[in-house]
Amino acid sequence: MNVPAIVRRTAACFLAAALALTTACTEEKRPGLPALGADINATSVSGISSGAYMAGQFQIAHSKVVIGAAIIAGGPYGCAQSVFSDMMMGPGVAFLNMPKAINGCMLNTLAPWGVPDVDRLAKKTLSLAEAGRIDPIENLLDDRVYLFSGSNDRTVVPSIVKAAFDYYKLLGFSDDHLAFVSDIPAGHAFVTASEGLSCEATGKPYIVDCDYDQAEAVLTHIYGPLKPRTDTLGGTFITFDQRPFFRGIAGHDMEDEGVAYVPADCAGSATCRVHIAFHGCAQNIAASGDAFIRETGYANWADANALIVLFPQAASSPMNPQGCWDWWGFTGRDYLTQDAAQITIVFRMLQHLAQPRGRGTAGASLTPQPAPGRG
């Protein structure tokens, strides 16, 4: 080997080492999620499409701290679960559930065979609560739930969202705690008063302008009358490191980074509530940019109403190429319960937001604590 070749290889090695060191330093400097002393006993959740299913799963798993949910273009809890899936291990669960998820819980082509079977799903929920795998049902029944289906939605058809409404009724929800909106000609998307594609459209970033402020409708139904939204945001969007919350969990399909919107008052001394907004399939930052975070209007309403908004980010994988939330079991057969990988990770984020100010940001030393409940 001649000397120039040795020099070139040595230089290449130094460059590779420098790049690796730079990458490592960059990763170490990712901001953590701040501890803000949040009141997580007044948490609410919402989601669209797979995020709608995840919102329902999170609400039902942790109903001690969740007081309301919005199911936008999603169906009833556990809809995709095959009656045989409890007998399966590993990826077999997802393969067994996927055809039912698409045909029975999105397109409604299995209706002649009784899918969704909301009576069976309600009984399944009760059995999970009795087994201690989700919070007791009595914590759930005072929640307020908003459900939405666009009349032009051909991805998750309106009858599936109606099945979710019927499911909550079977659990014992009163009429005044449920709102079902189905008269807006929206496609498969989150609806706004002025942002996004034309109302009837279905396509990235799955935000449409129907002259209807869905963020306001969701938060008002859950929390009651709100102060007027702010047009000029005074808070901060924080892109934070999700990885500290993954500890001990594999195969979770979560991105390395998530986003939180923190109003100025919440960053200061105010005790704020938390709203968790779950994006839909192909709507995470990697697939559709930050439209779901910045254009839905959640931050504008949060700014004036002492509300932190958490935007956790799911990732794509061979089993989940669209970056959906797990509502058919690709992270494991416990996907509906408190032991679910994604539910556990997001719940850890919520717990950290509740830690007293001064605890710093979430890092490798994060030790999740049991959350206080409503009873």
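Analyst: The account below takes the disulfides and then the salt bridges. The model is a predicted one, in which local features need pLDDT of at least 70 and side-chain atom pairs count only at pLDDT 80 or more, while totals for chains, interfaces and linings use all residues. Residues are numbered from 1 along each chain as its sequence is written, and side-chain values use heavy atoms, with hydrogens and water left out.

A disulfide is a covalent bond between the sulfur atoms of two cysteines. Here the term is applied to a pair of cysteine sulfur atoms within 2.5 Å. By that criterion, a search of the whole structure finds 4 disulfides.

C199 lies in the loop between β6 (197-198) and β7, and C210 in the loop between β7 and α6, so the pair ties together parts that are 11 residues apart in sequence. The helices (H or I, at least four residues) and strands (E, at least two) named here are DSSP runs, numbered from the N terminus. Both C199 and C210 are buried, where buried means under 20% relative accessible area, exposed over 50%, and partly exposed in between (1.4 Å probe, protein chains only).

The disulfide of C266 and C272 has its sulfur atoms 2.1 Å apart. With -95° about the S-S bond, this link of C266 and C272 is left-handed. C266 is buried at 1% relative accessibility, and C272 is likewise buried at 1%.

A further disulfide connects C281 with C324, the sulfur atoms being 2.0 Å apart. The link of C281 and C324 is right-handed, with 125° about the S-S bond. C281 belongs to the loop between β10 (273-278) and α8 (285-288), and C324 to the loop between β11 (307-311) and α11 (341-354), so this pair ties together parts that are 43 residues apart in sequence. C324 is buried, its relative accessible area being 6%.

Turning to charged pairs, the structure holds 8 salt bridges, each defined as a side-chain nitrogen of Lys or Arg within 4 Å of a carboxyl oxygen of Asp or Glu. One of them is formed by D213 and R229, whose closest N and O atoms are 3.4 Å apart. D213 lies in the loop between β7 (207-209) and α6 (214-223), and R229 in the loop between α6 and β8 (236-241), so the bridge ties together parts that are 16 residues apart in sequence. D213 is buried at 15% relative accessibility, whereas R229 is partly exposed at 33%. The two residues also belong to a network of salt bridges that links D213, R229 and D231.

R243 and D241 meet through their side chains at 2.7 Å, N to O, in another salt bridge. Here R243 is partly exposed at 26% relative accessibility, while D241 is buried at 8%.

The salt bridge of K123 and D119 spans 3.2 Å, N to O. Both K123 and D119 lie in helix α4 (residues 118-130), 4 residues apart, or about one turn of the helix. K123 is exposed at 53% relative accessibility, and D119 is partly exposed at 38%.
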